[in-house]
Amino acid sequence: MAVYGIDQGRKKMNLSETDKRWDLVVIGGGITGAGVFREAVRIGLKVLLVEQNDFAWGTSSRSSKMVHGGLRYLKEGRFLLTRTSVKERERLLKESPGLIEPLEILVPVYSDHGPGKQALSLGLSIYGLMAHEKQHTYFESREFTAMVPGVREDKLVGGFSFYDAQVDDARLVLRLIHEAVLAGGTALNYTQVKEILRDSKGSVCGVTLSDFETGESVEVQTGTVINATGTWAEKLHPSPKEGLHLRPLRGSHILLAADTLPLTKAISFIHPEDNRPIFATPWEGSILVGTTDMDHGQDLSYEPHISDEEFSYLLEGLNVHFPSLSISGNHCLSTLAGVRPVLSEGKLSP
Ligand SMILES: Cc1cc2nc3c(=O)[nH]c(=O)nc-3n(C[C@H](O)[C@H](O)[C@H](O)COP(=O)(O)OP(=O)(O)OC[C@H]3O[C@@H](n4cnc5c(N)ncnc54)[C@H](O)[C@@H]3O)c2cc1C
């Protein structure tokens, strides 16, 4: 177990050395827990964050690395949500240069499928207005193919470029935790909350912690617990609303070498099988392609991994949109899978 503290820096310690009384215990060291942790420390609370694995081990290191302004919400007519997402994206870009950077995304327009030029132009104009600047450009097919070598030219009308943002998701989690620790918070990794404790009146009064490495177990007291365990949340506490449950949906990516899919900007294309958008994004010298969306249906104690079906689905999408590149499984450098904590009232398929 590692502890981060302002005086001791980073060091290993026994659970028994941990303070026994906290204003707040945050369970889960993903982006939700890290954000809550930083804000709670900032307002002066004595806060303990605990993560059962390493920080950002869960979904928060397995994302598509995008800080969306919420273009997809716009398509669903959710203007306020899109506006909020755009504002948050702009704030994050200002607050964390170097960690959160603008991401240019290309969108091809085809005459045989996917959204047309006018619909995209309208959507991207509204999207830009929300950020108070025009952030998209249209290119004729000749210019577009010059920017995206290998892209399908048959029925290509042209394409747009617009901006969202990209983040190293795990680093963002670590930065928030680090900032909170510098401000006086305590964060423990490889420490699992086994149980949320209640007093005789049923009010929360503490948690039982267990050291993943030594098996040592202690109880700490607190009147407030935030369960930020994402997909695992119902393992610690039942859903507060009858009929509303977490539905773990797996999303997977494949990583290709940059010379297999030579992109210098991200591209979003529509998968022919289900009309979902797929992104291929330059990431750390390679190209991240995803994502899928399917019921996980596996034990959450194990690392999620891509299935053969998802692998074929992503390759199929790539080969429809980049037919001349003949991308096969042999070109895949690595894969990445995470599980979304999606609320569901019983709907069974994504
Ligand atoms: C494939 C995919 C792509 C995505 N792409 C994007 C994207 O581009 N942009 C975006 O904004 N969002 C994206 N998302 C969504 C985003 O990644 C998630 O919403 C977010 O990471 C959830 O964070 P979290 O902190 O709630 O959960 P998690 O990151 O899963 O954190 C929960 C943590 O709780 C810990 N935990 C569980 N039980 C216990 C316990 N008993 N004791 C201690 N610790 C415990 C777990 O180990 C885990 O680390 C994507 C999701 C997926 C799956």
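A backbone N or O atom of Ile31 lies 3.1 Å from an oxygen atom of the ligand. The model is predicted, and local features need pLDDT of at least 70, side-chain atom pairs count only at pLDDT 80 or more, and totals for chains, interfaces and linings use all residues. Residues are numbered from 1 along each chain as its sequence is written, and side-chain values use heavy atoms, with hydrogens and water left out.

## Exercise 1. The ligand and its shell

**Solution.** 

Step 1. A polar contact is a pair of N or O atoms within 3.5 Å; within protein, one must be able to donate a hydrogen and the other to accept it, and residues adjacent in sequence count only if both atoms are side-chain atoms.

Step 2. Helices (H or I, at least four residues) and strands (E, at least two) are DSSP runs, numbered from the N terminus.

## Exercise 2. Backbone geometry

**Task.** Which peptide bond is cis, and where do Asn275 and Ser326 lie?

**Solution.** 

Step 1. Most residues other than glycine have a negative phi, and most peptide bonds are trans.

Step 2. The peptide bond from Gly290 to Thr291 is cis, with omega near 15 degrees. Thr291 belongs to the loop between strand 18 (286-290) and strand 19 (294-295).

Step 3. Asn275 has a positive phi, near 60 degrees, and lies in the loop between strand 16 (266-270) and strand 17 (277-283). Asn275 is exposed, with a relative accessible area of 52%. Buried means under 20% relative accessible area, exposed over 50%, and partly exposed in between (1.4 Å probe, protein chains only).

Step 4. Ser326 also has a positive phi, near 40 degrees, and is found in the loop between helix 8 (308-321) and strand 20.

## Exercise 3. Aromatic rings and charges

**Task.** How many aromatic pairs are there, and which parts of the chain does the pair of Trp57 and Trp232 link?

**Solution.** 

Step 1. Rings of Phe, Tyr and Trp (its six-membered ring) pair if their centres lie within 6.5 Å; planes under 30 degrees apart count as stacked, over 60 as edge-to-face and the rest as tilted. The count comes to 5 aromatic pairs.

Step 2. Trp57 and Trp232 form a tilted pair, 5.6 Å centre to centre with 40 degrees between the planes. The pair links distant parts of the chain, 175 residues apart: Trp57 in the loop between strand 5 (47-50) and strand 6 (66-67), and Trp232 in the loop between strand 14 (225-227) and helix 7 (233-236). Both tryptophans are buried.

Step 3. Phe269 and Phe322 form an edge-to-face pair, 6.2 Å centre to centre with 75 degrees between the planes. Phe269 lies in strand 16 and Phe322 in the loop between helix 8 and strand 20, so this pair ties together parts 53 residues apart in sequence. Phe269 and Phe322 are both buried.

Step 4. A charge sits over a ring if NZ of Lys or CZ of Arg is within 6 Å of the ring centre and within 35 degrees of the ring normal. Lys117 lies over the face of Tyr138, at 4.1 Å from the ring centre, and Arg152 over the face of Tyr110, at 4.2 Å.

## Exercise 4. Polar side chains

**Task.** Is His296 buried or exposed, and which side chain does Arg247 contact?

**Solution.** 

Step 1. His296, in the loop between strand 19 and helix 8, is buried, with a relative accessible area of 4%. The side chain of His296 makes a polar contact with that of Arg250 (3.1 Å).

Step 2. Arg247 is in strand 15 and is buried, with a relative accessible area of 11%. Its side chain makes a polar contact with the side chain of Asp295 (2.9 Å).
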